[in-house]
Amino acid sequence: MIKKVLYKVLPKKIIQFLQKKKYMWIAKNAFDQDRKRFMSSVYSFNSSLANLEAQIIINSHSIEKGLTNINFRPGFGKRALSDLVYNMEKYSERTEVINSEVFSNAINIITAYIEKHNNLAVDVSYLKDIVQKFKVSSDLVIDCNVVNNSKSGKIKESHLDFFKFSNSRSSVRDYSSEIVSSKELTNVFSLANNAPSACNRQPWQVHVISDKNKITEVLTLQKGLKGYGTNIQKLLLITSDNRFFSNVHERNQGFIDAGMYSMNLLYAFKYYGIGTCALNAELSKNTEKLIRDILSIKNYENLVMFISVGKYPNDFKTTKSPKKSINSYIKYH
Ligand SMILES: Cc1cc2nc3c(=O)[nH]c(=O)nc-3n(C[C@H](O)[C@H](O)[C@H](O)COP(=O)(O)O)c2cc1C
């Protein structure tokens, strides 16, 4: 009632001003709630079993990634290994069930690390105790070694049926010096263009960086490909455009739509025989500002992810990156 009267008596400008205030207040509450919920679950401030599992996965991945490095550094990853062992110890103190997938994957990756170093006659005997201590049951032992690939094998995967195509996708972090042409990029973008999005808004933008100095500059700030990324031919930055959204309830939609589009891009590159690695855009405020300046990214764009792009080398290694079993995350209602 009061609202109706106010609408009648107040000038339009005042109504718009009040509405804006109200939307800002709703938005503030929504972002505050997000912040609280996020911080009450993240592993930096919490230590549930799920938090520990997450850290074990991350530490393990950094070791398996190092095992695929074309500039392999014997003895690499001391910090990740020490964190991994620490988290495994903590995990085992909390539960009898150390035969979890995550745990056995970690042991397998440490075992692969030991084997690789034994072959090079580098002493890593300090790791044997942890493997002995947490010996996992043999049915959970899977091959966690790196995957050896050839260019011809990878190209053959391009046109396999979707079952094999999808199962053979993996991140490729180092490339050959062969160029990725504009025609190839156009083919890829045309194929990826069919991605779904909420209300078909397609709020993504793609920045294609070809200048090698800029690629180095951006990746030095991004940090996720440090020690990898030989011969990157193109670096893409996928952003989402906030101008396509109306209110705070849609605050994550751009990330979701651009994320779906990015997945389509990864598949489209694979279809055209080109390797990719998705790269995070988890940046501090200052780093984000620097990258925005380098690439002239508009204020209305959210940085969603980078994607490194290049042709397959003749022989190269990729991580196995074992995936969780579907039962570990699917809940039927
Ligand atoms: C959004 C996103 C960000 C990623 N960021 C990085 C990164 O910064 N550096 C990196 O080497 N890999 C990055 N990756 C690749 C993941 O490490 C990789 O997808 C994961 O280990 C699974 O391996 P797979 O892609 O070979 O199946 C990222 C992947 C995604 C989807």
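These questions and answers concern a helix pair and some salt bridges in a predicted model. Local features need pLDDT of at least 70 and side-chain atom pairs count only at pLDDT 80 or more, while totals for chains, interfaces and linings use all residues. Residues are numbered from 1 along each chain as its sequence is written, and side-chain values use heavy atoms, with hydrogens and water left out.

Me: How are H10 and H12 oriented to each other, roughly parallel or roughly antiparallel?
Reply: The axes of helix H10 (residues 212-222) and helix H12 (residues 285-295), both DSSP runs of H or I with at least four residues, come within 10 Å and cross at roughly 165°. These axes are lines fitted to C-alpha atoms over the stretch in contact, with angles from 0 to 180 degrees between N-to-C directions. Because angles under 35 degrees count as roughly parallel, over 145 as roughly antiparallel, 65 to 115 as roughly perpendicular and the rest as oblique, H10 is to H12 roughly antiparallel.

Me: Which residue forms a salt bridge with Glu178?
Reply: A salt bridge requires a side-chain nitrogen of Lys or Arg within 4 Å of a carboxyl oxygen of Asp or Glu. Glu178 lies in the loop between helix H8 (162-167) and helix H9 (182-192), and its partner is in helix H7 (residues 151-156), so the pair ties together parts that are 27 residues apart in sequence. With the closest N and O atoms 2.9 Å apart, the partner of Glu178 is Lys151.

Me: Which residues do salt bridges that share partners join into one network?
Reply: The whole structure holds 16 salt bridges. Those that share partners join into one network Lys151, Glu178, Glu184 and Lys311.

Note on methods:
Helices (H or I, at least four residues) and strands (E, at least two) are DSSP runs, numbered from the N terminus.
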